[in-house]
Amino acid sequence: MEVKELGHVVLYVHDVDVSRGFYRDVLGWHEVVGEPGQMAMFSSGRTHHELLLIQVGPDAAPIPAGRRVGMYHFGLKIGTSDDELRAALRELVDAGATIVGTGDHGVTHSVYITDPDGNEIELYIDVQPEAWREDPLAVMAPVRPLNL
C-alpha cells in the first residue's frame, strides 16, 4: 500500500452553523452540502470534500489546552506569495479571527489561527522556489519569526 494524498479531515464541532460560517465566510471554503444543525462538507474543488464538520452539541467536552495526544493542527495552503499571506492576515483580523502565531519555516510562511471550537489551523504559502523539492532536509530548518 502507498498513501497517495491526504483526502479529508473530519472535525466534531459544538455548533455546525457557527463553524459553517467560519469555514465558508472567513476562510472562503466552498460548501458542498450540509444539513443545518447536523453536518457540513467543504471542498476547494480538488476532490469531493476535504473537510467534514459534524455537530456534537454544546455539552461535548472541549479540546484540552496544552500538550496532548491527538491532532495539533492542520495546514491549508492559501498561495505562493507573501502578498497573499498578508492579504489573508488582514482579512482574518477584519473578521475577528483568533490569531495564535506566525512562523517562517524556511519552506513555508505561516499564520496560525483557531476555529470557533479551538482547532488550530495553519494557513501557509510555499516559499518560492520550492527548495524542499531539491533538498528534503530544508523542512528541518529552525522556525524563525515571520516578518510580513
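1. Strands (E, at least two residues) and helices (H or I, at least four) are DSSP runs, numbered from the N terminus. In a regular strand the side chains alternate between the two faces of the sheet.

2. The model is predicted: local features need pLDDT of at least 70, side-chain atom pairs count only at pLDDT 80 or more, and totals for chains, interfaces and linings use all residues. Residues are numbered from 1 along each chain as its sequence is written, and side-chain values use heavy atoms, with hydrogens and water left out.

3. Strands β1 and β4 run parallel and are joined by five bridges. Two strands pair if DSSP finds at least two bridges between them. Val-13 has Gln-55 of β4 as its bridge partner.

4. The largest nonpolar core holds 22 residues, and Leu-11, Tyr-23, Phe-42, Leu-51, Leu-53, Ile-113 and Ile-121 touch the most other members. Each of β1 (9-13), α1 (16-26), β3 (39-43), β4 (51-55), β5 (73-79), α2 (82-95), β7 (108-114) and β8 (120-126) supplies at least two residues of this core. A nonpolar core is a set of buried Ala, Val, Leu, Ile, Met, Phe, Trp, Tyr and Cys residues joined through side-chain atoms within 4.5 Å. In soluble globular proteins, nonpolar side chains tend to be buried together.

5. Which residues does Ile-113 touch, not counting residues up to four places away in sequence? They are Phe-22, Leu-27, Leu-92, Thr-98, Ile-99, Val-100, Asn-119, Glu-120, Ile-121 and Leu-123. Contact means heavy atoms within 4.5 Å.

6. Eleven salt bridges are counted, a salt bridge being a side-chain nitrogen of Lys or Arg within 4 Å of a carboxyl oxygen of Asp or Glu. One of them joins the side chains of Lys-77 and Asp-126 (3.0 Å, N to O). Lys-77 lies in strand β5 and Asp-126 in strand β8, so the pair ties together parts that are 49 residues apart in sequence. Lys-77 is partly exposed, at 43% relative accessible area, whereas Asp-126 is buried, at 9%.

7. Asp-104 and Arg-144 also meet through their side chains in a salt bridge (3.3 Å, N to O). This pair links distant parts of the chain, 40 residues apart: Asp-104 is in strand β6 (residues 98-104) and Arg-144 is in the segment after β8. Asp-104 counts as buried, at 11% relative accessibility, and Arg-144 is partly exposed, at 39%.

8. A further salt bridge is formed by the side chains of Glu-130 and Arg-133 (2.5 Å, N to O). Elsewhere, salt bridges that share partners join Asp-17, Arg-20, Arg-24, Asp-25 and Glu-31 into one network.

9. Together with Trp-132, Leu-137 and Val-139, Met-140 forms a nonpolar patch on the surface, with about 440 Å² of accessible area.
Patches are made of residues with over 30% relative accessible area and no salt bridge; like charges are joined within 9 Å, and nonpolar side chains (Val, Leu, Ile, Met, Phe, Trp, Tyr) within 5 Å. Accessible areas come from the Shrake-Rupley method with a 1.4 Å probe; for residues, only the protein chains shown count as cover.

How values were computed:
Buried means under 20% relative accessible area, exposed over 50%, partly exposed in between (1.4 Å probe, protein chains only).
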